[in-house]
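Reader: I'm new to this and I'd like to learn how to read strands and backbone angles. Can we go through an example together?

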Amino acid sequence: MNKNRAFLSLFIVVLIVFIILLFSYKDDSKNMNYVRFVDPSENLKIESVFPITDYAGKLTEKSKDKKNIYYNFRIKNYSEKNSTYKLLLKVNKHDNSIDDKYVKILLSDDEDQILSKYDKDSYLTLDYLEKEDDYYVLYKSSLGENKEDSYTLRLWISDKYKEDDLNKVFDCEVVIYSY
């Protein structure tokens, strides 16, 4: 009888813990699409491989000759509540893709102030960023109801890259995941 009672007590405790975990689990694996681009996003490409210094990459104001990427974009929270979001970079791999370790990155806000994660002596390469599945995590934040944020993304090829193949490319797109 004591064994049955102990087994029943253990079963009830495990059941209660399971129910608590079930209701407290927040499934953020589904993109709720609350935060979206104000204007449609575009594919971004570096087609003319030309390594540049970090100083030149930081000062880039427009993409010229497809030798780097300068991308301004706005996002908006279309939800009626505060929404958390992640800016992700999806790299489209090809046979002639430039290795991610040579791609430098800089993300700044609407006033072109470099976000603290990127404000280093030497700017980050993609392989330094956190990865989720096949995406690089550029930034995580939240937006209030119907609020907007603007960003500028700069990507360039590191001056450590050896120009062994001028036909190489870097192809990517910015994606938003929100919940």
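Reader: How many bridges join strand β4 to strand β10?

Author: This is a predicted model, and in it seven bridges link β4 (residues 83-91) with β10 (residues 170-178). The two strands run antiparallel. To follow the pairing, look for residues that face each other: Lys-90 stands opposite Glu-173 in β10, and Leu-87 has Ile-176 as its bridge partner there.

Reader: Which residue of β10 is the bridge partner of Leu-44?

Author: That's Cys-172. β2 and β10 pair over four bridges, again in the antiparallel sense.

Reader: In what order do the strands of the sheet come?

Author: Read across the open sheet and you get β2-β10-β4-β8-β7, five strands with antiparallel pairing. The edges are β2 (43-46) and β7 (131-132), each of which pairs on one side only.

Reader: Is β10 mostly covered or mostly open?

Author: Mostly covered: seven of its nine residues are buried. Buried here means under 20% relative accessible area.

Reader: What should I look for in phi?

Author: Most residues other than glycine have a negative phi. Here, Asn-33 has a positive one, near 60°, and Asp-133 has one of about 55°.

Reader: Where do Asn-33 and Asp-133 lie?

Author: Both are in loops: Asn-33 between α1 (2-24) and β1 (35-37), Asp-133 between β7 and β8 (135-143).

Conventions:
Residues are numbered from 1 along each chain as its sequence is written. This is a predicted model: local features need pLDDT of at least 70, side-chain atom pairs count only at pLDDT 80 or more; totals for chains, interfaces and linings use all residues. Side-chain values use heavy atoms; hydrogens and water are left out. Two strands pair if DSSP finds at least two bridges between them. Buried means under 20% relative accessible area, exposed over 50%, partly exposed in between (1.4 Å probe, protein chains only).
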